[in-house]
Amino acid sequence: MFAGRSWDEWIARYATSHQNPVNRVCHTIGIPVIALSLPLFIVALFVRGVWLIPLAMFVVGWAFQFIGHAFEGKAPEFFHDWRFLFVGLRWWFAKVRGVAPGAPQ
């Protein structure tokens with residue numbers, strides 16, 4: 001439960017803004033790249049000269065997200081509600097497992 005809604009409800013709402021196949025592919029690539037960049041930023045605090053890798057991953061991951069939304073023709077859901085920043089990764093895991101709304105079975 002997240003802010004009075006189940007994760008399934010959040011993911012279903014998220015999926016409504018991610019119907020275009022190009023957008024779905026962009027998010028399938030961009031979300032894990034962003035997610036992997038975050039722990040690498042922590043590593044970069046301790047390993048000199050590594051910060052460019054997570055920075056590039058973070059920027060490229062977000063570029064995929066926004067390119068996908070250009071094809072979708074809709075703004076990202078987090079523009080309307082910041083909590084959707086936490087839903088994207090859950091959507092990605094559901095999509096990979098084939099249980100996200102609209103995911104191929």
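Residues are numbered from 1 along each chain as its sequence is written, and side-chain values use heavy atoms, with hydrogens and water left out. Because the model is predicted, local features need pLDDT of at least 70 and side-chain atom pairs count only at pLDDT 80 or more, whereas totals for chains, interfaces and linings use all residues.

The secondary structure consists of 4 helices and 0 strands, in the order α-α-α-α along the sequence. Helices (H or I, at least four residues) and strands (E, at least two) are DSSP runs, numbered from the N terminus. The C-alpha trace spans about 40 × 30 × 30 Å along its principal axes. Of the 105 residues, 35% count as buried; buried means under 20% relative accessible area, exposed over 50%, and partly exposed in between (1.4 Å probe, protein chains only). Among contacts (heavy atoms within 4.5 Å) between residues at least 6 apart in sequence, 66% join residues at least 24 apart.

The largest nonpolar core has 11 residues in all: Trp 7, Trp 10, Ile 11, Tyr 14, Ala 15, Ile 31, Phe 84, Val 87, Trp 91, Trp 92 and Ala 94. At least two residues of this core come from each of α1 (7-16) and α4 (84-97). A nonpolar core is defined as a set of buried Ala, Val, Leu, Ile, Met, Phe, Trp, Tyr and Cys residues joined through side-chain atoms within 4.5 Å. When residues up to four places away in sequence are not counted, Trp 10 touches Phe 2, Ala 3, Arg 5, Asp 81, Arg 83, Phe 84 and Val 87.

Two of the residues touched by Trp 10, Asp 81 and Arg 83, meet through their side chains in a salt bridge (2.9 Å, N to O). Asp 81 is buried, with a relative accessible area of 14%, while Arg 83 is partly exposed at 25%. The structure holds 2 salt bridges, a salt bridge being a side-chain nitrogen of Lys or Arg within 4 Å of a carboxyl oxygen of Asp or Glu. Glu 77 and Arg 13 also form a salt bridge through their side chains (3.2 Å, N to O). This pair links distant parts of the chain, with Glu 77 in the loop between α3 and α4 and Arg 13 in helix α1, 64 residues apart. Glu 77 counts as buried at 5% relative accessibility, whereas Arg 13 is partly exposed, with a relative accessible area of 36%.

His 69 is placed in helix α3 and counts as buried, at 5% relative accessibility. Apart from residues up to four places away in sequence, His 69 touches Ser 17, His 18, Asn 23, His 27, Lys 74, Ala 75 and Pro 76. His 69 and Gly 98 are 29 residues apart in sequence and 21 Å apart in space, C-alpha to C-alpha.

The accessible surface comes to about 6400 Å², of which 72% belongs to carbon and sulfur atoms. Accessible areas come from the Shrake-Rupley method with a 1.4 Å probe; for residues, only the protein chains shown count as cover. On the surface, Ile 42, Val 43, Leu 45, Phe 46 and Val 47 form a nonpolar patch with about 530 Å² of accessible area together. Patches are made of residues with over 30% relative accessible area and no salt bridge, with like charges joined within 9 Å and nonpolar side chains (Val, Leu, Ile, Met, Phe, Trp, Tyr) within 5 Å. Val 47 lies in the loop between α2 (21-46) and α3 (52-72) and is partly exposed, with a relative accessible area of 38%.
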